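Biologist: Please take a close look at one part of this model, the fold of a single chain and the sheets inside it. I would like the cut-offs stated along with the description.

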Amino acid sequence: MPQITLIEAVTQALAYEMKHDPSVIVLGEDVGINGGVFRATQGLQKAFGSERVIDTPLDEATIAGLTVGLAAQGMKPVAEAQFEGFIYPMMEHIACHAARLRTRTRGRMSCPAVFRAPWGGGIRAPEHHSEANEHLFTNIPGLRVVLPSSPGRAYGLLLAAIRDPDPVIFFEPKRIYRQYKEEVADDGEALPLDVCFVLRDGGDVTLVTWGAQVKETLEAADALAEQGISAEVIDVATLTPLDFDTIHESVKKTGRCVIVHEAPRTAGFGAEIAARLAEKAIYDLVAPVERVTGYDTHIPLYRLEMKYLPSVERIVAAVQRTLAAS
Amino acid sequence: MSIAATFEIEYLQYLDADGKLVRDDLPAIARDVRQLVELYKWMLYVRVFDSKAVALQRTGKLGTYASCLGHEAAHVAIGSAMQEDDVFAPMYREYGAQFIRGVKPRELLLYWGGDERGSDFSGPAHDFAWCVPIATQCLHAAGAALAFKVRKEPRVAVTVVGDGGSSKGDFYGAINVAGAMQLPLVVVIVNNQWAISVPRSAQTGAKTLAQKGIAAGLECLQVDGNDLIAMRAAMDHAIKRARHGHGGMVIEAVTYRLSDHTTADDARRYRPDNEVKAAWQREPLKRMKAYLMSLNAWTGKEEEDWKADCAARVDVEVNAYLETKSQPVEAIFDFTYAQVPADLAVQRAAAIAADRHN
């Protein structure tokens with residue numbers, strides 16, 4: 001079995017599904033001959049032709065509007081926003097149409113589309129290329145918001161996203177696009193949406209995260225283990241609809257929860273998880289919930305960006321505060 | 001200096017405001033007088049319906065409603081020129097086109113009457129529903145046209161946008177991509193001179209709205225939107241060339257919004273009475289009736305009989321609408337996703353329980 005990176009897993013999933021489902025098409029800026037600026041669509045136009053791997057005019061609203069129209073008429077479009085910072089012109093089509101088409105027509109029409117975007121900071125990119133804005137989508141009903149955090153989950157979740165009958169925002173943590181390789185069988189096996197993945201078992205504290213922060217969170221769990229602290233690590237993966245039960249079960253066991261995300265803190269998706277813990281798990285908790293997040297500022301340009309993103313040290317310190325509190 | 005490009009915009013009119021022919025090269029539609037009568041009957045039906053819908057709103061039996069008064073020729077021409085397989089992406093007042101395509105007036109009333117089931121209509125299942133976010137429908141139609149092109153289907157997507165909507169990026173994006181990809185897309189700008197309170201002159205410095213399509217590489221035409229024959233000839237031409245792979249077209253239908261923007265608007269606040277009065281002289285039914293009567297194809301008696309027939313038909317639709325019971329509370333949830341997710345099912349159950357307690 002070949003060892004592949006997260007971005008290669010994205011390409012592999014797209015190629016698999018295009019090969020097996022003729023209604024799947026890819027569209028976006030530079031996705032054709034150039035294979036995408038990160039090479040996520042590398043080789044697809046050569047394999048499937050320029051009518052199924054479409055370089056669009058340079059207008060994100062056009063990409064999103066075409067995607068709604070294509071999906072409503074029986075295609076399964078996978079649209080690419082070149083960076084998450086350029087997704088805003090797509091918002092109207094995503095919120096008012098893609099996410100709403102099924103309910104506003106009582107199921108007569110639907111929008112089985114995927115909107116992919118490289119997401120998040122930490123690659124020393126120019127301005128507007130490093131945002132974490134998943135929380136702007138998690139409050140839109142009718143959408144799924146999915147963030148893979150490993151090559152295997154990128155492959156399995158993207159297949160699931162394409163096959164899902166409803167629209168999916170698929171944010172790819174670009175910081176870990178090429179961070180490591182793992183074996184991913186190209187077997188067309190999707191992973192389930194709407195479930196969290198428990199990446200590491202532990203009894204003292206529950207660490208909840210998604211996207212690129214899974215890396216720092218797992219490293220923090222290693223560091224904590226050296227101090228004799230056993231951390232359970234949960235990759236939320238599908239933010240909405242949320243699988244809160246998995247988080248709750250873990251917190252019942254550990255009594256402590258630290259939520260880690262790189263988006264700004266206030267009204268970030270961590271706030272939703274913390275609110276649910278307050279509603280459902282208050283008596284299971286032995287310490288206040290902690291959040292380790294980006295700050296309520298714009299992510300700085302790259303000289304300072306690593307000081308903005310949650311670090312292993314900040315996560316470990318938060319865990320130690322929860323332990324000291326009880 | 002040499003000329004890099006030149007363009008001109010043709011204006012198409014067959015019937016003047018009095019119903020007199022202004023040119024003698026009649027298009028196919030005008031040579032079939034029986035069909036012209038049928039289309040005129042549709043226009044009358046739409047007008048009777050529209051007046052009833054406004055009355056329903058005024059008496060508290062309908063929510064805010066967008067009247068189509070004055071647009072009947074453009075809308076009926078659009079609907080009658082399309083095939084069932086084609087896709088229509090309307091804005092929100094193209095009722096004439098939709099009724100011809102099989103949408104029932106009761107469904108339209110349900111939509112404006114606050115019930116999503118109106119958009120699950122009896123027209124072609126592939127037609128888009130009413131689109132309130134201005135001009136976004138242009139891109140959905142372009143996406144439909146792209147689907148036809150990818151699947152090599154001889155189908156056409158038709159969309160309607162207003163004069164105000166032609167200022168939006170989505171309109172430009174749609175015509176641009178239609179030109180770049182040679183899509184079978186027909187964009188009809190129904191220029192009714194007013195975007196709520198903002199006049200056509202404030203929307204753009206362009207001399208015509210049709211010429212916007214030039215920049216996208218599309219064929220463009222300005223049409224007397226109150227002239228059913230001209231509108232239908234333009235639509236027939238646009239749809240035929242799109243269906244045969246010759247690309248998209250922009251048609252500007254010059255008409256006038258004789259009504260308020262919606263029942264929530266009061267147009268007297270921003271436009272002079274004499275302008276409206278003058279527009280009534282150019283309205284589409286009057287000239288079509290005069291033309292048909294001049295051909296001895298229509299009589300005053302037939303007019304009165306058909307109007308009475310329309311009123312009776314509309315009453316049936318209105319009663320069906322008024323008798324439609326509200327959806328149960330769980331309908332709020334049941335179409336948000338293909339299957340209600342576990343997380344949402346909790347809220348669904350809570351809403352049902354709360355509803356029972358009330």
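Modeller: Of the 326 residues of chain A, 58% count as buried, where buried means 20 or more other C-beta atoms within 10 Å of a residue's own, exposed means 12 or fewer, partly exposed lies in between, and C-beta atoms are placed from the backbone. This is a predicted model, in which local features need pLDDT of at least 70 and side-chain atom pairs count only at pLDDT 80 or more, while totals for chains, interfaces and linings use all residues. Residues are numbered from 1 along each chain as its sequence is written, and chains are lettered from A and ligands numbered from 1 in the order in which they are written.

Chain A has 12 helices and 14 strands; these are DSSP runs numbered from the N terminus, helices being H or I with at least four residues and strands E with at least two. The radius of gyration of chain A is 19 Å, close to the 20 Å that the globule rule gives for 326 residues, so chain A is as compact as a globular protein of that length. That radius is taken over C-alpha atoms, and the globule rule is 2.2 Å times the number of residues to the power 0.38. The C-alpha trace of chain A spans about 60 × 40 × 40 Å along its principal axes. Among contacts in chain A with a separation of 6 or more, 80% join residues 24 or more positions apart, a contact being two residues whose C-beta atoms, placed from the backbone, lie within 7 Å.

Now the sheets. One is an open sheet of seven strands in chain A, ordered β3-β2-β4-β5-β7-β6-β12, with mixed pairing; two strands pair if DSSP finds at least two bridges between them. Its edge strands are β3 (53-55) and β12 (238-240) of chain A, each pairing on one side only. Neighbouring strands of this sheet are turned by 20° against each other on average, direction ignored. A:Val145 has A:Thr240 in β12(A) as its bridge partner. Elsewhere on chain A, α3(A) lies across β2 (24-28) and β4 (76-80), running at about 170° to β4(A). Axes here are lines fitted to C-alpha atoms, for helices over the stretch in contact, and angles run from 0 to 180 degrees between N-to-C directions.

The other open sheet to describe has five strands of chain A in the order β9-β11-β10-β13-β14, again with mixed pairing. β9 (197-200) and β14 (290-293) of chain A stand at the edges with a single partner strand each, so one side of each is left without a neighbour in the sheet. From one strand to the next the twist averages 25°. Within this sheet, β10 (residues 205-209) and β11 (residues 231-235) of chain A pair in the parallel sense over five bridges, and A:Leu207 stands opposite A:Val233 in β11(A). Helix α9 (residues 244-254) of chain A packs on the sheet, where it touches β9, β10, β11 and β13 (257-261) of chain A, and its direction makes about 155° with that of β10(A).

Finally, the contact with the partner chain takes 38 residues from chain A and 34 residues from chain B. On chain A, α3 (60-72), α4 (91-98) and α5 (101-104) each supply at least two residues of the side that touches chain B. The largest share, nine residues, comes from α3(A).
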